[in-house]
Amino acid sequence: MASKTFDTRKEVDFVVIGSGSAGGILAKELSTAGFSTVVLEQGPYRNAADFTHDEYSVLIQSELLGGGNDVHGQTFRHYEHETAGPPRDRITPIRYAPGVGGSSVHFTANFWRLRPVDFQERSLIGPISGTNFTDWPITYEELEPYYTRVDWEIGVSGAPGPFDAPRSKPFPMPPMPIKSSGVLMEKAAAELGWHAQPEPHAILSQPHNGRAGCVSCGYCMWFGCEAGAKSSTLVAMIPLAEASGNCEIRPESTVIRIDTDDRGRASEVVYLDRDGVEQAQKTKAVVLSANGAESARLLLMSASPQHPDGLANSSGFVGRNLMFNQHSLATGVYEHPLNDYKGVQVSRIIHDFYDTDEKRGFYGGGGIDARPLFSATPIFHALLGTDPNAPRWGKGYKDVLAHDFTRTLCFVGSNTSLAMDRNNVTLDPESKDASGRPAIRLTYMDHDDDLATAAFFEDRCAELHDAAGAMKMWRFGIRPNTGGEHLLGTCRMGNDPATSVVDSKHRSHDVPNLFICDGSSMVTSGRGQPTMTIMALAFRAADHIKAAAGAGEI
Ligand SMILES: Cc1cc2nc3c(=O)[nH]c(=O)nc-3n(C[C@H](O)[C@H](O)[C@H](O)COP(=O)(O)OP(=O)(O)OC[C@H]3O[C@@H](n4cnc5c(N)ncnc54)[C@H](O)[C@@H]3O)c2cc1C
């Protein structure tokens, strides 16, 4: 169904900025509740026919990332006293997919709920020096009904595991079939006394809500799904928003500023249209869902005499507390072909080490999954997935590629990251992106506990390979993050306006008709796979925004 169109000079009820994991849900929820809604999305409106298996375009040319860093101009440094510079290769330090559906289009779709402990860890563990580690202003119990809505409305496959948080309703469909990597993980876990469980996925294992089930093509991570089985907001939410007759999706509209009126309320959203011409959409309220890097950039770009440090930034917390999730990785090659490139990336996970354990001597926890990772596709395998000690050219190289591609599997740890002032997104004073906006300057150095947690998980990954019978195994090594895909914490929720950007209902403390909901809202990082929580937060935020609008409070 074609979008409704709204006049930019006529005030709509809501402008939603960004149509990704959170924005797509907010657009659907607000428009189907009868509110006129314009969604401004900087990227294109792709459909199933636009999603290819072209490894070169997607993986090397960064097609779904909107191009390489020559387009984005991002800069990076570990510490504030350093001068930030461009990354060494083409790939951007901050990685997400501009386009309708945002990063839910190209993500891997591993889909973990947080657990009750994630929301109150600061109270349980105590403060951690040098960090802004704190409790969430909400509990798991408050968010649980919305996790369940994500399960059923977005479409999640899975089966309960031994350590899972309580759920009010079963998964709507069974997990994806187990793969060779999952079988080996189960075998190794049994030997080590750990527990392997099916991976929950935002991928349909069978038809659901009028969409088709997965065809196991194997092109999930970084790719769009031409079957529509991956539960992106592009396929699960946007069609419902458009069918409401109250929603206009306006792609290729890059927001450059949120303007406020003399009462300090957001009044219009200024953007560049596809021809680079400046336009402005009048609105009663704004919902900012541009992700944990872009929401912060936009608020900082919206500085004005009334808001000299950026919009909604009286706390100075906009852009701070960026968390990526640390990762650990050990790769093994097995005697027999595993053919793990087929199907979804992950079919089994281990959550035995989720909680912080004071016996380890540092904060942190996480989960481990089994997957082909880079060896899901031949070009990526050749570039990133091969044995570092094997020949890199000639016959020896060809032999190792031919032998190892079907026999390689990775155990991957997804771990905690701590919130700190020093890890942040700011506006680069010199570099600009292709549209002329100040580029994102990323400053990031992992906390020592995050690196210690990653090392702990790398050891567990190596143990799994030993127990599973790998013929050879190598570790990726623990490296500080120089960029990431999980963009969390930069406009955190909280009850105290001095240490948070939005309240527990996602309303900005400073601007009463500005709501911010996306990865930036998260207070702690969870253990990886944050998107299930981002989507649950979006359903919950929408209920509060609708209630406030219904009560005339916006
Ligand atoms: C390769 C990859 C694999 C991943 N795998 C997983 C996984 O397995 N599990 C998991 O939980 N997470 C995964 N993630 C992370 C996941 O995709 C994100 O956590 C999630 O999509 C974030 O949701 P969001 O709503 O905050 O932002 P996004 O989904 O990034 O949406 C933000 C949207 O806002 C738009 N936007 C930004 N700025 C502007 C502007 N100025 N004007 C207009 N529009 C704008 C963007 O174009 C985008 O469409 C992965 C990410 C990547 C890159």
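Which residues in helix 6 meet which residues in helix 14? In this predicted model, local features need pLDDT of at least 70 and side-chain atom pairs count only at pLDDT 80 or more, while totals for chains, interfaces and linings use all residues. Residues are numbered from 1 along each chain as its sequence is written, and side-chain values use heavy atoms, with hydrogens and water left out.

On the helix 6 side, the contact (heavy atoms within 4.5 Å) takes in Glu142, Leu143, Tyr146, Tyr147, Arg149, Val150, Asp151, Glu153 and Ile154. Their partners in helix 14 are Met532, Thr533, Met535, Ala536, Leu537, Phe539, Arg540 and Asp543. Sorted by class, that makes 10 nonpolar, 1 polar and 6 charged residues (Ala, Val, Leu, Ile, Met, Phe, Trp, Tyr, Cys and Pro count as nonpolar, Asp, Glu, Lys and Arg as charged, the others, Gly among them, as polar). Helices here are DSSP runs of H or I, at least four residues long, and strands are E runs of at least two, numbered from the N terminus. The two axes come within 8 Å and cross at roughly 105°; axes are lines fitted to C-alpha atoms, for helices over the stretch in contact, and angles run from 0 to 180 degrees between N-to-C directions. Helix 6 and helix 14 are therefore roughly perpendicular (65 to 115 degrees).

Helix 6 (residues 140-155) also packs against helix 1, at about 85° and with the axes 13 Å apart. Here Ile25, Lys28 and Glu29 of helix 1 touch Arg149, Glu153 and Ile154 of helix 6, a set of 2 nonpolar, no polar and 4 charged residues.

Now for the ligand. Helix 1 (21-32), strand 6 (254-260) and helix 14 (531-550) each put at least two residues into its shell. Of the 38 residues around the ligand (a heavy atom within 4 Å), Ser21, Glu41, Asn110, Gly519 and Thr531 come nearest. The shell splits into 12 nonpolar, 20 polar and 6 charged residues. Among the polar contacts (N or O atoms within 3.5 Å), a ligand nitrogen sits 2.8 Å from a polar backbone atom of Asn110. A backbone N or O atom of Val255 is 2.9 Å from a ligand nitrogen, and for a polar side-chain atom of Arg437 the distance to a ligand nitrogen is 3.3 Å. The protein buries 97% of the 990 Å² that the ligand exposes when taken alone (Shrake-Rupley method, 1.4 Å probe).

Note on methods:
Polar contact = N/O pair within 3.5 Å; in protein donor to acceptor, adjacent residues only side chain to side chain. Parallel < 35°, antiparallel > 145°, perpendicular 65-115°, else oblique.
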